[in-house]
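Visitor: Hi, I'd like to go through this structure with you. Can we put it up and start with a side-chain contact?

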Amino acid sequence: MDPKPGSSSNGLRAEISLEKLRKIAAELTLPGRFALTLLNAALEALTNLLARIVGSSLVRRHFHLVLSALVLFGPILSFWVSRHSIFANSNHYLYRKFLRSTLGWTCLLAGSFVALLSLSAGRRLPLSFRHLSRLGFAALLLWGCRRLLTLLEDAAGTCYEPVAPTQGAQSSDTQTQPLLLLHEDQTKASCLRANMLWRGYEVSQDILSLCFCCLLLVEEMSVIGRHLTHERRLQRLPGTPLRILFLLCVVLLMIWVFLLLCMLAYFPKWPSQQLGGALGYLGWRGLYQGWYRLRLSWGSPGLPGEELFTDSDKQPQ
């Protein structure tokens, strides 16, 4: 028997309606695809530009000199900044969110970047662990320096409790400073928590961490240009997550430099900040310009990018 004409017309209508739905869906997703294409092109252009800047020999050779100049002459900015600015408040959000966890943020983003780059380039898990250990040694050195400085400050400093002057002393001489009662059994942290006065030699641990982390980020990010060139030579496209992590590391570097300027301009402390910057520089110099350049037989994890690319693994001196 011949099929009923009603059933064939229903099937034709269903096919036509499905075709219309596909066309409507394609029209709706077209702007989204176009926007994603633009964003991807902007991401590639921006990362390629920043990779050339960060990986250039000019930046790698002279960034530590620029950072040293900022630490030395940054306190001069205190003559021009406003004391009523929001950044003059030590409880500002940036200080509470980033300054007290400088090492943690640096290890989180730089570690993710190093792990993803080493896995995408070397494709060997032991090699990735070796490159990640470089950040582990740097974090251990910075933590040890901060801990040692805290112990030295507690040993060299003294805690004082202000004593209000008597009524007679106030009437006779209003310019006389209040007496201080000595507390020898207090540490710096407990003394400040008790709203007492701490006097002694100190080294700015915030400037130490900021300078060290800035130098570390520049060193670890400097190999992204070689990785992009290597991937293009192999006709492979670098992944979008790696480019995003690279941009996040650049943003973090800009935040650290901005916080460094804020600390020097709004809270100048001479020479404790300069001593902190010098220690941060010495720590970077000892690791990236010293131990990491030695052979693997010396227990060195190697320089950033070492053994990851088929071209020369030597970094520019």
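Visitor: Which side chain does the side chain of Trp284 make a polar contact with?
Guide: That would be Glu219, at 3.2 Å, side chain to side chain. Keep in mind that this is a predicted model.

Visitor: And where is Trp284 found?
Guide: Trp284 is in helix H11.

Visitor: Is Trp284 buried or exposed?
Guide: Buried, because its relative accessibility is 3% and the cut-off for buried is under 20%.

Visitor: What else does Trp284 touch?
Guide: Leaving aside residues up to four places away in sequence, Trp284 touches His64, Phe212, Leu215 and Gln289, along with Glu219. Leu142 sits 142 residues from Trp284 in sequence, yet their C-alpha atoms are 9.7 Å apart in space.

Visitor: Switching to pockets: how much space lies in the largest pocket?
Guide: About 900 Å³. Its lining has 25 residues, and those nearest the centre are Lys188, Leu192, Glu202, Asp206 and Lys269. Among the elements giving two or more residues to that lining are helix H5, helix H8 and helix H11.

Visitor: How do the lining residues of the largest pocket divide?
Guide: There are 10 nonpolar, 7 polar and 8 charged residues.

Visitor: Last topic, confidence. Where in the chain is it lowest, and where highest?
Guide: Helix H6, residues 167–172, is lowest with a mean of 50, while H8 is highest at 95. The chain as a whole has a mean pLDDT of 82, with 81% of its residues at 70 or more.

Technical notes
Residues numbered from 1 in each chain as written. Predicted model: local features only at pLDDT ≥ 70, side-chain atom pairs only at ≥ 80, totals over all residues. Heavy atoms only, no water. 1 Å grid on protein atoms, 1.4 Å probe; cavity = no way out; pocket = protein on both sides within 12 Å on 5 of 7 lines; lining within 4 Å. Points joined across faces, edges and corners; volume = space filled by probe spheres on them. Helix = DSSP H or I, 4+ residues; strand = E, 2+ residues; numbered from the N terminus. Nonpolar A, V, L, I, M, F, W, Y, C, P; charged D, E, K, R; others polar. Buried < 20%, exposed > 50% of the residue type's maximum accessible area, 1.4 Å probe, protein only. Contact = heavy atoms within 4.5 Å. Polar contact = N/O pair within 3.5 Å; in protein donor to acceptor, adjacent residues only side chain to side chain. pLDDT = per-residue confidence, 0-100.
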